[in-house]
Amino acid sequence: MPAFALKGAVVDYPQLADRAAALVRAGLPVVLELHTFGPRDLQQDRARAACLANLDRLRAEYGPLVLTVHVPLQEVGRVTRLDFDADQVLDAIAFARNAGAKDVVVHRYWGLVYGDAPQRASRAEASDGFNATIARLARQADPIRLLVENVGHYALLPRDRASFLAGPLDHFFPWEIAAFRTFLDRERIANVTPFVDVAHATLSANLFNWRRTYPAETRDDVRFSAILDEDLERADRLHPFDFVDPKMPWLHVSDSRFYPDPALAPAEIPLDALTSEGLELGAGNLPWADLPRHVGETAVLVLEVDPSVGESHQANGAQHRSLQALQRQFQAPR
């Protein structure tokens with residue numbers, strides 16, 4: 001049976017307490033993925049100390065904690081200038097050591113551009129650059145494990161068709177995951193492993209399927225630039241759960257909007273096919289009853305669900321309800 005975890009901002013004690021209380025009510029150990037912001041926490045000594053104090057307070061109230069640190073979101077001006085922001089990963093690793101966390105979540109990206117700006121690197125160049133960088137970071141992180149997450153379509157606020165980051169490593173297709181594992185095995189890197197955010201995989205599957213269905217209409221659209229002809233030769237269609245496999249020790253879970261047959265929709269991809277993530281389970285259309293057969297027995301499933309209308313990040317009922325719904329799927333007879 002997989003384990004279950006919730007995500008909360010380490011700088012916000014009421015948010016952490018809300019997550020811990022929900023796990024305890026569900027009869028589960030307190031397993032948390034800590035959301036970080038960078039300028040508001042890891043990059044300021046006083047805020048960093050306050051975050052550690054929040055964790056001490058949480059331990060005093062709820063007992064032992066199992067913690068993972070998520071690297072802050074990428075700063076647009078920085079990652080469109082640098083190929084990869086290794087400094088924020090090192091900050092997160094240092095904080096993880098102080099916090100007693102065993103894992104750090106890192107996004108897989110390289111050479112991001114904003115909107116329709118020209119691409120800065122090929123897939124091969126980006127893959128080589130990221131692999132070399134993650135190998136160096138792994139040596140510095142050991143024994144902390146680096147969990148490498150797929151990005152999908154990197155939509156920014158406001159959620160529209162023009163505000164996004166794009167790069168050659170956006171999608172982490174199943175064949176890219178296999179190649180990354182081959183690299184890790186060859187280099188004998190034991191403290192790095194890939195995993196999938198299911199909602200991000202939904203966005204990637206939508207884009208892949210639209211690109212295959214409407215080749216002429218999507219050929220010069222930068223939103224599809226990370227889908228190569230060689231990718232299209234690998235599969236006729238992709239489903240979000242095609243990205244998930246039992247080797248993954250970690251999974252980000254939220255609902256999303258999947259379009260299984262783009263031929264039934266217009267050539268212009270709908271906005272929610274690019275931006276729907278963080279939805280409460282049941283608010284999208286992913287087939288959650290099918291997920292358990294894709295997941296390993298020792299995986300940790302992290303609910304990464306945004307509050308519903310009338311709720312807040314400090315009282316996130318949508319995340320609590322999604323936890324209960326996910327538990328039911330894994331407890332159901334097979």
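**Questions on strands, helices and loops**

Q: Which residue of strand 8 stands opposite Ala155?
A: In this predicted model, the residue opposite Ala155 is Phe164 of strand 8.

Q: What makes strand 7 and strand 8 a pair, and in which sense do they run?
A: A pair needs at least two bridges between the strands. Strand 7 and strand 8 (residues 164-166) have 2 bridges, in the antiparallel sense, so they count as paired.

Q: Why do strand 5 and strand 7 stand at the edges?
A: These strands belong to an open sheet of 3 strands, ordered 5-8-7, with antiparallel pairing. Strand 5 (113-114) and strand 7 (154-155) each have a single partner strand, so one side of each has no neighbour in the sheet.

Q: Which strands close into a barrel, and what is the pairing?
A: The barrel takes 8 strands in the order 1-2-3-4-6-9-10-11, and their pairing is parallel. Neighbouring strands of this sheet are turned against each other by 30° on average, direction ignored.

Q: How do you know that strand 9 and strand 10 pair?
A: Strand 9 (residues 192-197) and strand 10 (residues 250-253) are joined over 2 bridges in the parallel sense, and at least two are required. Within strand 10, Leu251 stands opposite Val196. Helix 1 (residues 13-25) packs on this sheet, where it touches strand 1 (3-9) and strand 2; the direction of helix 1 makes about 165° with that of strand 1.

Q: Which strands does helix 11 lie across?
A: Helix 11 (residues 317-331) lies across strand 1, strand 10 and strand 11 (300-303), and runs at about 165° to strand 1.

Q: Why does the span of helix 4 agree with its 14 residues?
A: At 1.5 Å a residue, helix 4 (residues 86-99) should span 20 Å, and its end C-alpha atoms are 20 Å apart, so the two values agree.

Q: Which residues of helix 4 are buried, and what covers them?
A: The buried residues are Ala86, Gln88, Val89, Ala92, Ile93, Phe95, Ala96 and Ala99. Among the elements covering them are strand 2 (30-35), helix 2 (45-62), strand 3 (65-70) and helix 5 (123-141). An α-helix has 3.6 residues a turn, so residues three or four places apart point the same way.

Q: Is Thr36 buried or exposed, and how do you know?
A: Buried means under 20% relative accessible area. The value for Thr36 is 1%, so Thr36 is buried. Thr36 sits in the loop between strand 2 and helix 2. A polar atom of the Thr36 side chain lies 2.6 Å from the backbone oxygen of His70.

Q: Why is Pro287 called partly exposed?
A: Its relative accessible area is 34%. That value lies between the limits of 20% and 50%, so Pro287 is partly exposed. Pro287 belongs to the loop between helix 10 (272-275) and strand 11. Leaving aside neighbours within four places in sequence, Pro287 is in contact with His239 and Phe241.

Q: What makes the phi of Phe172 and of Arg188 worth noting?
A: Most residues other than glycine have a negative phi. Phe172 has a positive phi of about 50°, and Arg188 has a positive phi of about 55°. Phe172 is buried at 1% relative accessible area, whereas Arg188 counts as exposed at 78% relative accessibility.

Q: Which residues are joined by a cis peptide bond?
A: Another joins Leu157 and Pro158, with omega about -5°. Pro143 lies in the loop between helix 5 and strand 6, and Pro158 in the loop between strand 7 and strand 8. Most peptide bonds are trans.

Conventions
Residues numbered from 1 in each chain as written. Predicted model: local features only at pLDDT ≥ 70, side-chain atom pairs only at ≥ 80, totals over all residues. Heavy atoms only, no water. Helix = DSSP H or I, 4+ residues; strand = E, 2+ residues; numbered from the N terminus. Expected span 1.5 Å × (residues − 1). Buried < 20%, exposed > 50% of the residue type's maximum accessible area, 1.4 Å probe, protein only. Contact = heavy atoms within 4.5 Å. Axes fitted to C-alpha atoms, helices over the stretch in contact; angles between N-to-C directions. Polar contact = N/O pair within 3.5 Å; in protein donor to acceptor, adjacent residues only side chain to side chain.
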